[in-house]
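This report goes through one protein model and the ligand modelled with it. Please keep the structure open while reading.

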Amino acid sequence: MSTAVRVRGLRKEYPDHLAVAGIDLDIRHGEVFALLGPNGAGKTTTVEILEGHRRRTGGEARVLGEDPGSAGRAWRARLGIVLQTATDAAELTVRETVRHFARYYPNFRNPEEVIEQVGLSAKAGARVRSLSGGQRRRVDVALGIVGRPELLFLDEPTTGFDPEARRQFWTLIDGLADDGTTIVLTTHYLDEVEALADRLAVLAGGGLVAEGTPATLGGRERADAIVRWTDERGNHEERTAFPAKLVTQLSGDGRELAGLTVTRPSLEDVYLDLIGEKP
Ligand SMILES: Nc1ncnc2c1ncn2[C@@H]1O[C@H](COP(=O)(O)OP(=O)(O)OP(=O)(O)O)[C@@H](O)[C@H]1O
């Protein structure tokens, strides 16, 4: 698989602040890649540099084979972008807005189908201004995908979504990924990362602190399991690298173990550990 995004030593220095402190990233074609990190970690700055919206002050970046600092309109038409700040809600209806944006792209998707995909069919004739925050966010997503992008950037796309809307959005992203769209996602929701991402990177203080898959980040798959059970002497908890062995020993005489659970650290446990906030 070739590389959709390649970053080496990327830096962004503001006069009084180093926002991105020299990071390396490789994102493959067809991959769903999540960028995680606490507020101010440098996620939006990094993504905006890759989108060509901000100038880097150091390092190298290639996005779909071009330098985002100098690439032109044809390159831009291959990207889909959902920014953190919502689209300005004009007097236009949802349908008019999506149709209007579609015309910027050479190979756009059918606007009606896009409106349906983001779950806004019932609101297609409503003015964007009259929509709720979560519904407006769905318009943003519609505008991000209407151009049939090869590479889609989503900056905190589900902020303000209700749980059902988030599930619908995940299904939509799964479908786009199945069609081969490369997706770069920033989010604060670890369940979203677990549901969607093939790989993720954690940023903190402008630096890359870890990279992996949701299952293996920070050595998660090798971490000790915690076995909990209850017997006549009370509640028990044991950490072990061999939970199956322990459970076999405990139930050796064929007895059932009340309240038996075997757990590994959640992605959230690992993440908080990585960014220095011990759970
Ligand atoms: N135009 C600017 N001038 C000076 N500093 C800036 C500017 N834009 C961002 N920063 C600083 O750069 C750092 C990284 O900001 P960035 O928006 O990339 O973080 P983030 O990881 O996206 O955070 P969040 O999760 O809050 O969206 C922050 O400390 C921010 O204050």
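## An enclosed helix

Eleven of the 13 residues of α5 are buried, so this helix is largely enclosed by the rest of the structure. The model is a predicted one. The buried residues of α5 run through Q135, R136, R137, R138, V139, D140, V141, A142, L143, G144 and I145.

The cover over these buried residues includes two strands, β5 (79–82) and β6 (151–155). It also includes the helices α3 (94–102), α4 (111–117) and α6 (163–178). The length of α5, which covers residues 133–145, can be checked as well: at 1.5 Å a residue, its 13 residues should span 18 Å, and the end C-alpha atoms are 19 Å apart, which agrees.

## The chain as a whole

The protein chain contains nine helices and twelve strands. Its C-alpha atoms fill a box of roughly 70 × 45 × 35 Å along the principal axes.

Of the 279 residues in the protein chain, 34% are buried. Among contacts with a separation of 6 or more, 66% are between residues 24 or more positions apart.

## Around the ligand

Which residues are around the ligand? They are Y14, H17, A19, G37, N39, G40, A41, G42, K43, T44 and T45. By class, this shell has seven polar residues, three nonpolar ones and one charged one.

Two elements, β2 (17–28) and α1 (43–50), each supply at least two residues of the shell. The helix α1 gives the most, with three residues.

## The helix at 267–274

Helix α9 spans residues 267–274, and its buried residues are L267, V270 and Y271. Seen down the axis of α9, these buried residues fall within an arc of 100 degrees, so they line one face of the helix.

What covers the buried residues of α9 includes the strands β3 (32–36) and β8 (199–204), together with the helix α7 (190–196). After α9 comes G276, which has a positive phi, near 85 degrees.

Conventions
Residues numbered from 1 in each chain as written. Predicted model: local features only at pLDDT ≥ 70, side-chain atom pairs only at ≥ 80, totals over all residues. Helix = DSSP H or I, 4+ residues; strand = E, 2+ residues; numbered from the N terminus. Buried ≥ 20, exposed ≤ 12 C-beta atoms within 10 Å, placed from the backbone. Contact = placed C-beta atoms within 7 Å. Expected span 1.5 Å × (residues − 1). Near = placed C-beta within 6 Å. Nonpolar A, V, L, I, M, F, W, Y, C, P; charged D, E, K, R; others polar. Arc of directions from axis to C-beta.
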